[in-house]
Structure formats: structure tokens, C-alpha cells
Amino acid sequence: MLVNCVAYQEGRKLADIQPREIHEYVRRPECFIWVALYDPTPEELETMQREFGLHELAVEDARHGHQRPKIEEYGDSLFVVLHTVELAEKGLSVGEVDVFVGRNYVLSVRSRTERGFADVRARSEHEPELLRHGSAYVLYAIMDVVVDRYFPVLDTLDGELEEIERRIFSGQNNRAIIESLYVLKQKLMTLKHATDPLLEVTSKLYGGRVPPLCAGLQEYFRDVYDHVIRVNQSMDSLREMVTTAISVNLSLLTIQENEVTKRLAAYAALVAVPTMIAGIYGMNFANMPELTWRLGYPLTVAVMAAIDGYLFYRFRKTKWL
Amino acid sequence: MLVNCVAYQEGRKLADIQPREIHEYVRRPECFIWVALYDPTPEELETMQREFGLHELAVEDARHGHQRPKIEEYGDSLFVVLHTVELAEKGLSVGEVDVFVGRNYVLSVRSRTERGFADVRARSEHEPELLRHGSAYVLYAIMDVVVDRYFPVLDTLDGELEEIERRIFSGQNNRAIIESLYVLKQKLMTLKHATDPLLEVTSKLYGGRVPPLCAGLQEYFRDVYDHVIRVNQSMDSLREMVTTAISVNLSLLTIQENEVTKRLAAYAALVAVPTMIAGIYGMNFANMPELTWRLGYPLTVAVMAAIDGYLFYRFRKTKWL
Amino acid sequence: MLVNCVAYQEGRKLADIQPREIHEYVRRPECFIWVALYDPTPEELETMQREFGLHELAVEDARHGHQRPKIEEYGDSLFVVLHTVELAEKGLSVGEVDVFVGRNYVLSVRSRTERGFADVRARSEHEPELLRHGSAYVLYAIMDVVVDRYFPVLDTLDGELEEIERRIFSGQNNRAIIESLYVLKQKLMTLKHATDPLLEVTSKLYGGRVPPLCAGLQEYFRDVYDHVIRVNQSMDSLREMVTTAISVNLSLLTIQENEVTKRLAAYAALVAVPTMIAGIYGMNFANMPELTWRLGYPLTVAVMAAIDGYLFYRFRKTKWL
Amino acid sequence: MLVNCVAYQEGRKLADIQPREIHEYVRRPECFIWVALYDPTPEELETMQREFGLHELAVEDARHGHQRPKIEEYGDSLFVVLHTVELAEKGLSVGEVDVFVGRNYVLSVRSRTERGFADVRARSEHEPELLRHGSAYVLYAIMDVVVDRYFPVLDTLDGELEEIERRIFSGQNNRAIIESLYVLKQKLMTLKHATDPLLEVTSKLYGGRVPPLCAGLQEYFRDVYDHVIRVNQSMDSLREMVTTAISVNLSLLTIQENEVTKRLAAYAALVAVPTMIAGIYGMNFANMPELTWRLGYPLTVAVMAAIDGYLFYRFRKTKWL
Amino acid sequence: MLVNCVAYQEGRKLADIQPREIHEYVRRPECFIWVALYDPTPEELETMQREFGLHELAVEDARHGHQRPKIEEYGDSLFVVLHTVELAEKGLSVGEVDVFVGRNYVLSVRSRTERGFADVRARSEHEPELLRHGSAYVLYAIMDVVVDRYFPVLDTLDGELEEIERRIFSGQNNRAIIESLYVLKQKLMTLKHATDPLLEVTSKLYGGRVPPLCAGLQEYFRDVYDHVIRVNQSMDSLREMVTTAISVNLSLLTIQENEVTKRLAAYAALVAVPTMIAGIYGMNFANMPELTWRLGYPLTVAVMAAIDGYLFYRFRKTKWL
């Protein structure tokens, strides 16, 4: 689906154009065209390939989708694959944005994502002094927003861990917590798949040798790189804390087991001792003087109660009960 | 066993030829020959060595088999070892493909694998504009298909993990699950042995200095490299999740132990308390007024039942039963 | 908030100046100006940007805060982000110091920290022969003090671990210890976030290619680097020991469980054996000679006591009680 | 002990010579001498040092032994330390081979190993076209055989792990298995000490800058390197599987504990319920109608049996028994 | 405290000199001075700084102590920090040696260590042909002896691990073992702090670019490097085995728990069954024919004994007792 197809000149919008007009505008050196596709049909992609002269392998990647985040140079032009990560009902939903960038065109192909880049376009059009940098600036703007959208996801996962910690240390050590930890770990792995390769992608766009297209925007791409590093470090911390939480939880479960065992034993003792005494006075010896005492029975019951009372006090003191 | 021996010119099939004719075609600069062997006899290998002038060490590697995936340059020619991984009855079955590539020949030696490369040849012959790139293109095509065949294996392992997760969190924590996790880990190690060294192999074929033979096809080999990276990242995730699953499962087992202990204790209490009461009224004191009450017995039994009922209610409420 | 704004010449304080006078002093080549801001308003930052000609992206970072520690070159000038770590009521409190350094100015922007750098300024003004090095020396002095302030934090964490160890091995294996270990781990992760990126930051300021601004002070920056390495190594050790402590603690919990089980079993035996004997003499057989013995009852009780005494002695000897 | 001392020319054996004749042969440029020592006396080493002009530090290393595998260049000559690993009664036995290689001599000093290199010499003498490469070829041949001898050791360790796995999953979770896992880990560490440093050693002999002595044999040394990598990868897999086996075994032990607990509880129930019923009918109430029924006793026993039968059936069904 | 202050010429001792005479000897190009200080006063350090022209930052490091091992070049001269590790009553005691090396002086500053370097000096004076290399040789000699003194420490820790293993596998799984493992781990971390940074230090003294001072002694420093690597590898093994020992020990504890549980259950059964039988014959049914049998009582006791005998035999056979 074609979302937008706009020609820009000197950082200002020139016109909404039709795909079949693209080749006219591409010829003008002072112009650049920014096309946005969403879940495109093969025909749409083919049109774009023809109009912009895109490389076969890159187009095929965009057609198939499910690439890992990467950056590839095809002569003067760049092909960048990014993953978007969005919070979904169950776990995280991963989408893909493929960006083709040439001297005077940008083509973004979005698939499996909810949120588009209309806001990126709007913001860019309000800053013509930046948009004047041309197509590379649009690439920066898209990368920037994709990376910035990882932060709320990360915050959500961080919040989930905090909630789990709260439950762990408040003594709720049940199956649900363990499953939550496992699911959190899975989400972190999903996010990692999106962001880990981005380190390499962004580091190719500043410092040392950079694609000529992006040469003037190194400080901007360094900024994106910085954000990617921050995402990765936070994620590594989260993963390490999840691992620690799992092992800490196991220790707490073992403590809980100890406590249960002790409490059970205490209650067992409270029952077993009177049973033993009762057993003794249930013996059938002919000669058991206590049996004939007038107060034998109440005394015995009193002794039972006294012993249990004492045991109960002891167990309380040593925290078994 | 000789599978195929075909001469190509300008990307088109020239003729099926006999091994003994090879040297005639090899001489023609515009031609290249593509030979496929399957579990070859030493004599067949010797013929090929003579016809193509292969290096002794490379031929010896092919003869012995069981090499690790690698790429070696012998002067102008390349020797590439790849591992194929196929799903078998029990675990994974690892095969080997050794490819000798020279300016105008490709020799693939396949062993211990079910699936051949007939489809690679067929597809290549349908794309003469690509096959025109010569022997290096055939190397690419073979590597591409070998790597692509890892993905269904990976998907199967992924499916196995999901099935195990499902069983773990549905409360089925038995020996079979643990054995499944262990076996899955073994399979991942097997796959890793095939794919890990491929990273190095493929990275030598694009970017920086590449063998002159492959110079024009860097973008293709980069594509293979990309797929290898994807395989490796998925595999690393899988391994990390297997490790997490093992430790999570241990926590669940400990929880289960706690639950069993509590349930047992609850049942023990339901039995122990009436036993104690019965013991008390089994004492032989001369003076136990209750014993002579008319309703002493049914009352006692009723008390027992009432206590057990109350205990049962309490145990239910605290989820011990 | 403007904390200070001072012009220096030849390492000596020239005058406290107003922000609006800055551009006059900046023009003089032999002068440099050192401004300190604390939680600045956007207007204050804007003034500084204008007076010193700071780069838009750097100023934006300072405005937003929450950057990771980093160093960035913008032409001749440097932008350095540092994290301060202070002990707070609960856990650690992380602040930020952003330093802009040019040929003849230093601007430090401090936020979310308690302690300022008044002492750095005071000390520097007492050593004019060092302050003569100019703005880079001030950068060094600030980095030095930020890093030095990590050490007492590290010592506190080290002390916490020692206290936890003491409790673990003195047999106090309760929930609080495990929570302490977890919290300690969290603090270490917090500290790591501050200090890890500093390794890269400081290593860019000595050896190999350094920013021209810092060229003459390499030995000083190497000193800071050394301290950062020391912090990192100590922290890695601490993290490894925390992990070890968690697993060691689990082993101790299992031992404790064994001990509790044994002790319970021993007490159970002391009750069960007399109960069994009593049961036997409670049987209603017509012909049980012992029942009619005169000393049958006391003898039986004596036997019970003797058996329990023996069992108690045995349990003590094998350390079950 | 002097094992051999042979002069070679053009790849063919010239003569067995005496150590004191060495200097005569060393002078001839077309000759090279291959000396093998086994646990040499200090005097023997001194003779060799004098005859070949070996470097003091290298000779001292050979005298002391217990070096780590390494390669050192002393001017034109090389000093290589290798570890041999042999299967012994208890664990693995590590020996050492120190090889001094110069333009026209090879001196191998073997210590603490059973197997010598007589077969290497024999094989080399049968391939004069290879031995013609001179002393570097002998170095290759020795390294090749040392590395090849790691494979059977590795296979044995692999077999041990398989045997352990078989026992673990057949339910034999006893102390012996855990000790086996620990001992296997120890053996792997021993092997690792021998093979890990070899990676660096062999990688210095091919690719990039190589010692001039070995320049013509790079493809051979690459072959050794390949084998070392294979050993290392197999070993890493083994170590990872041992770690996994240890944690999997712990899970199985916990399952076993659960099973034992359940079985015990089931048996306890089978005894406790009749005991409770018996207790009830042992009460001394005057008015217990059942006691006077004719079939009271057999009925009660029948009820006890019925309850136990039912419980047994239930326990069987839920796999507790 | 000044330990020694000696001038050397041509590798031979010239004279014991006074600190105030140093500047006279330092001027002579063929001379070098070797000074050893132990826990020096600030004045002594100041004297040395003046006499040798030491760099302020280096002297400050020596004054403060507690540096990490490092090497720093100040112009032509070197500043090296080493850690000594000695076995102490409790754990390991870490000392520090700071060495200042210039073209014709060596100053070693020792603190917090028991053993000095008198033996290094003695040995060096006996080998004038080596000492002739000048001050760099003294640096080598000191580094060599510091590193060599790690080996007995390592052997002691190795011995401790073996002792712990012996106790673990002989079934002594108590708290003391776990504490020993933890303490051993701590000691390894202490040693690691001393030796890890030495890798970098020594690697700067051979191969590639080395400080001009040490240029002629590369083979000696490579030797030290080799020893440092050996220490590090042994230490890594030890650490990995300690980790393995901790987890293996946990498995053994779980096995022990299983065994205790089984044994307890077995004994419980031996008591519970007779109690149940006794309970049955303690019932007060009017019509219980066995009660009136003459041999009822002895028969019942015999049955009890028989059942217990049989159970005992079964428990023995299945190793529960």
C-alpha cells in the first residue's frame, strides 16, 4: 500500500506526486523524493525498483521480509533494515522497516507494525533547515524514531521486573512468578534480536569510513548510536537481574520449604506427645496406681495440655510456628 | 559415485561430459565444468585431482571427510567444507559437502547426506544470466542452499522448545521433560558445530580482501553471511532459553515439592487428631465420667468429625489441599 | 542555577564575571572562563550556548539529561558526560555532570547530585602552576574527583558484602540475607552503568590519537583511566562474589534443611517408640502375663525411658540432635 | 637419554651419527640433523646447546620442563613447547615435548610421556619428497602427530560423557555419577591446558607474517591449526554439556526426592488410617453398640482393608506408588 | 627505610653509597644505581625524586600506594607497579612494589610485604655478565621474582581445592566445606587482582614497540610474560573447578537429603506397623476370638517381629538402610 509519495526541494515539500512521476523528479539534482510503503504488493515494489533503480538483492530482501537488522551498501545507495518492537497483548510484536536511500530518494517499506512514520514526516517538514540535508537526514530521522520507540518497551519490561521483585520478596513464591520471569526473559531476547545488530548498523554511519551519503550527518548518527548503546546496556542489566532473580527465588523457595517443614513438625509434636501419654494410660497392666486415682484422668489431661502449652511456647520462640 | 558432470558456457549447459573429457573442456577459457560426486571412491577422487589439478592436502581432507567447516585458498583455487544438517529419527544427522572451486571448474563432494543439490543445478540452469558469473556463482548457490536448509531445522528445534515450555508450565515436571531439554541442548550443540565456523568462512568472501575468484559476487556472499548470522543468533537465543528453562524447571520442581509436603501434612493432620482423641478415651482411668455418658461415643466421633471438617476447611483456604 | 562564573589568566583567578560578559573574556587568547551550572533553566543553557558557541546536539543532551557517560568531539571542543554516584537512604542515587570544554572555556552542568565541585575549584585555584594548563586541566580535575568519589561507594558495597558473608556463615540463612544479596547486586549494576562507559571515555584522552585540547595532559588522564580500571575490577570481583554467595547460600540452606529433617526425625523416634510399646501393652489379649506382674507397669515405663535415653545418646553422637 | 641422532640429505637418511659429530654435519648447508632426546640429563642438553648453538633461555626452559605450550623465535631458530596428553589409569597424564628447530637441525626433547615419535621418523623417511622440505617439515610432522593424538583422548572423554548420560537418564542418580562428572570436568580442564595455547602457537605458523623457516609449509601448518580448532570446539561442547548434565542431574535428584516423599506418604497413609480406626474402637465408652455386634470385629477389619485397598488403587493411579 | 643504595659499573658492584651522593654517580654514563626502599617516609621519597628527577605523578602513586599493577612511561623512564602475594595466617596478604627505572638507576619501593629482594640483588651480583645489561635487567630480575613467588601461592590454593574435593567425595558435606570453597574463591579473586593486570604490563615489554630502555632484554621479558600467562591459566582453571565443586556439592547434598529421608521413612515403618497391629488388638470388640487364644499374644508379637524383620531385609536390599 502506498502511504505517501512526496517530492522535496531545499527542505520544503514540493508536491505529492504519483509513483509513475518519480523518474521525472529523480532526475532533478536539487530534489529528493520520499516514498512510504506499507505491506506493499510485489507490483508496488517492482515499480519502485524500476523508478529508483534499486538493487535486485535488496528488493528481494524487502519482498521476503524477516531480515535481521543490517545495513548494506549497493554502490552509492544504502539498504537499511530495522526492527520495530511494539507492546502487544501477549509479549512483544516485532515489525520490520526496510529503508532504501539514494542520493535523491528515500523509500521506506514498513510491515507488521502498527505505528507508522507520519509523525517523522510531519516533524521533518517543520524543520526545513534540517530536511535540507536531504535523503540521509530522512534515514536519520527514521532510525532515530525507531530506536526511541524501544525506550517505552524497555521501561515496561523494567516495570515488569520490579513487579516480580516486589512479589518475590513479599513471600509470594508461586508458579506464576516463575512463569513471569521466564516470559520476561523471552521478551528481553526478542528485544535483543532487534537492537543487538543495530550497534553494528549505526557504528557504520559515523567515525572512520562512512558511506558518502551520510558524511555530513555523522554527529546525528552518533546520537542514534548512543541511544542504541543505552538500550543495550539497560537490556543487559535487565537480563542479568532476571537471572539473579531466578536463582534468588530458588533460594527463597528452599527457605519456604524449611519453614513449612518446621511448622509441620511442630504441629506433629503437639499431637504426638498427648497420643503417647494416652497410649501409656491405655495399657492394661493390672497394677497401675494412677488409674484408680480420683483425679488421674483430669490430671493426665492437664499434663498433656501443659506439655503442649510449653512446646507451643518454645516453637513460637524459635519461630517454628 | 558420479552424480553429474556438465560443461557450461556463457551460463548455458553445453553438454553432459565424461570425467575423462574434463581436461579438454577445462582448457577452454570461456567454459566451466560442474561435477557432483556422492560418497566417491578413492579412484574417482584421484581422477578429479588429476583432471583439475587439485591440491594434495585438500583432496586428502575430502577423502577422510569429518573436517570442520572451513575455507582454504590454494593458489587461485578454493577449497570449502560445509556441513549439512538434516532432521533424522533420532537427533540430527550431520553430512558434509566439500567444494573445490577453480577459475573454470566446480567439484562438489557430498557425503553422509540425504538431500543432494539437483535443485541447485536446475535452478541455476534456469537463470543463465546469473550462472554466467561462472564457478564462483555455483559456490554461492551451494552455500546458499546449505545455509537455507538450516532454517527448517532451527524451526523444528524452536518448536521443540515451545512444546517443552508448554509442558513445564502446565505442571508436567517429570523426567521426560528434563531429558527433552538435555537432548535439545545436544542438538543445538550439533547445529552450532556446523554453523559457527561458517561465520568465518563466509566473512572471508566479502568485504576487505576476498579471493579473486569471488570478487564480483561479494553482494551475494554477504547475503549468505547474513543468513549465517541469523542462524547463529537464533541458536544463541535458543541455547540461552534452554538454560533458563532448566533452571526455571528446577524452581518449579521445588515448588511442587513444597506443595506435596503441605498436602501430605494436611492429610496427616486429618488422621492424627482423631487418633489422639481416640487414644485419650482409650485410657483406662477408673474415673472418666465421659465414658459412661450415654452419648459419649457418638459425641466423641462427632467432635472428631467436626475438628477434621474445620481443619479441611482451613487447609483448603490456605491452598494446602 | 548559576553557581560560579570566573575568568582565569595564567592559572590565577582574574574576576567573578557575569554571564553576559563572557564573550568579552572568551576573545582574549590568554584567558579561560570556568562556569558551573546546577539544574540550569533552558534560558541559562541558551545563554551559554550563545556565549560559547556550543553545538546544538550537545546542548540538547544537556537539556534532556539522562545520557550515558560519553565523550564527543565537536570540532575543537569536547562534550563529556559523567555520572556521579552517591549513597542515598535507599540504594544509590545517580546524578549527571555534563562538561563542555573549549580552548578557553569550561562549562559544567550538574544535575540530580548533592555534592558540587566547589572543592575542585578551590584546590585548583591553590595550584596555579597546574591550572595554567587551562581548560583541559579543569576537565581533568572534574573527572578525577567524580571517579574518586566512586571509591567510598565501592567501599560501602564491599562492607555490605562482608556483613552478608558474616551472617551467611554464622548460620543466619533467612529471607533478609537473600534480599540483601539481591539489592547489593542491583547497586552494583547501578554503579556499573556509571563506570563501565568511563573506560572508553578516559581511554580516548591518552595514548594514540587524543583531542588536541588534552594533548599536554595525557599523563593526568592516564591516571584517571587507571582509577576507572581499578573501580571496574573491584566491581567485577564484587559481582562475582555476590553470585558465589548466592549459590553458596543455597547450599547452606540445603544443609540446614537436612539438619532440620534429621532433628525432627530424632524427636519423632523418641515419641514413636514408647507409643508402640504402650500400644502393645494396650492390647486386650486374655493371656498377657506381663500385665499381671506387680512391677509390669513401672518396668515398662523404665524400658521406654531406657530406650529413649539410648536413642538420645545415639542421636547426639551422630549430631542429629 | 639419546633416542636417535640422524643426518638427512635431500630428504634421505645419510647416517646415524654421534652427538659429538653434529657440528661437522651442521656446517654442510644441504644437510639437516634430527636428534631425539628422552628425559635428557643436564649434560646431554649442554652438549646439544653447544653443538647447535641454542639460546640459553630456551635450553633452561627445556631443562626445567613444565612450560606451557608456546612458540618462541630466537633469531632464525624456533623453540616450540607442546604438551602430550595420554590416557592413564587415573585421569590423564600430561607430558611435554620441547622442539628446537634451526635451518638445519631439529632437536626434540620428550619428557613424562609414554609414546615417542619413532613412527613420525619412520613415516617421514618413507616420504623423502616431503622430508626434503627440511627441518620445518619435521616440526610439522611432530606437531601433527601430537595434535592427532588428542583425538582418541577426546573420544574417550566423549564416551565417558555418553556413559554418564545413559546412567543419569536411566534413573541411577547416585554419588558415583556426580563424582564422574566432576572427574570428567577435571580431565577436560587438563586437556584444555594442553590444547588452548596451541591455537596461538599454530596460528603463528601460517597466514600473515610467519617465521622464515616455516614459510614454504604454511598449508601444512594451517592443517594442524584446523585440527587444533576442531579439538578445541569439541572440548568446549563437552564442557558445556558437562555443565548442563550437572544441572540436569540436580533437577532429576529433586524429582526423585519428590517421588520418594510421595511414596513414603502413601505408605504412611496405608498404616495411619487403620491405626486411627483401631484407636476409635479401642476407646472405653460404656455405650459403643458396634463393640457388641457379632460381626463388629471382622467388619471393622474388612473396612480397614477396603479403605487401604481403595487408597492403594488411588495412589497407583496418580503414580505415587 | 633505606634498605640498600649501591652503585654498579660494568655489572659489578662499585660501592655502597649515601643517598646524597646519588647525583654524582648518576652523572657517569657507565654507572647505574640501584636503591631499595621499604615503607619509605615522605622525606626519603622526596630525596629520591630530587636525586633521580622522578615524575611527580609517579612519586605520588608510590607515596599513596594501593595502585593496581601497571606500567607507565614518563619520557625515557618507566614506572612499574607490582603486587606481591604472600600466604598469611588468614587468607592472602597483598603487598606492593613500585619500581622506578631510568637509564642509570633503579629505585624499588616495597610496602606491606614480608619478603624483600635481597636474594635478587645477591643473585644479580653473582652474574655480572647479565647485570651488565643495566637497570632494565634489574627490573626484569624483580619482576621475575615477584611472578615466581605466585607459584607457591597457587600450589597452596591448588592443594586446598584437592583437600576440599577429598572431603566432598568422602561424604563430608557440611558447612565447613562450603565456607572453605567460598574462602578459596575469595583468595583466587585476590590473586587475580594481582596477576591479571600483569598480563598487560609484561606484554608491553616485548614484541612490537617496547620502551627503549628494555629493548635488548625482550626475550627475558617474554619469559616473565609466559609465567604470568601460566599463573593466569592455572587460576582460571581453579576458579572454574571451584564453581563446579560448589554445584556438585549441592547435588551431593540433595542426594544426602534423599538418603536421610529414605532412612527415616524406613525406621518410621518399622515402628508404625507394630503400632497398627497393637492398635487392632487393643480394640474393645466383645467378639474377638484371637484375644482368648492361649498363644494370641506371643503369636501377635511374633508376627510383628516377622513383619519388621522382612521390612528390614527389604530396606537393606534397596539400600534405604
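**Note on chain contacts and aromatic pairs**

1. Chain B and chain C share no contact (heavy atoms within 4.5 Å). Their closest C-alpha atoms lie 9 Å apart. Chain B and chain E do not touch either, with nearest C-alpha atoms 9 Å apart.

2. A word on the source. This is a predicted model, in which local features need pLDDT of at least 70 and side-chain atom pairs count only at pLDDT 80 or more, while totals for chains, interfaces and linings use all residues. Residues are numbered from 1 along each chain as its sequence is written, chains are lettered from A and ligands numbered from 1 in the order written, and side-chain values use heavy atoms, with hydrogens and water left out.

3. Chain D does touch chain E: 50 residues of chain D contact 49 residues of chain E. The two bury about 4400 Å² between them, 60% of it on carbon and sulfur atoms. Buried area is the accessible area (1.4 Å probe) that two parts lose on being put together, summed over both. On the chain D side, R175(D), Y182(D) and Y297(D) lose the most area to chain E, together 19% of what that side buries.

4. Charges also meet across this interface. The rule finds 6 salt bridges between chain D and chain E. Each needs a side-chain nitrogen of Lys or Arg within 4 Å of a carboxyl oxygen of Asp or Glu. One salt bridge joins K70(D) and D226(E), with the closest N and O atoms 2.6 Å apart.

5. Now a single residue. T300(C) lies in helix α10 (residues 296-317) of chain C; helices are DSSP runs (H or I, at least four residues), numbered from the N terminus. T300(C) is buried, at 7% relative accessible area. Buried means under 20% relative accessible area (1.4 Å probe, protein chains only). Leaving out residues up to four places away in sequence, T300(C) touches M283(A), F285(A), I277(C) and Y281(C).

6. Rings of Phe, Tyr and Trp (its six-membered ring) pair if their centres lie within 6.5 Å; planes under 30 degrees apart are stacked, over 60 edge-to-face, the rest tilted. Y137(C) and Y140(C) make a tilted pair, 5.5 Å centre to centre, with 50° between the planes. Both sit in helix α6 (residues 135-148) of chain C, 3 residues apart, about one turn of the helix. Y137(C) is buried at 5%, and Y140(C) is buried at 8%.

7. In chain E, the ring planes of Y140(E) and Y220(E) stand at 65°, so that pair is edge-to-face.

Terms used:
Helices (H or I, at least four residues) and strands (E, at least two) are DSSP runs, numbered from the N terminus. Buried means under 20% relative accessible area, exposed over 50%, partly exposed in between (1.4 Å probe, protein chains only).
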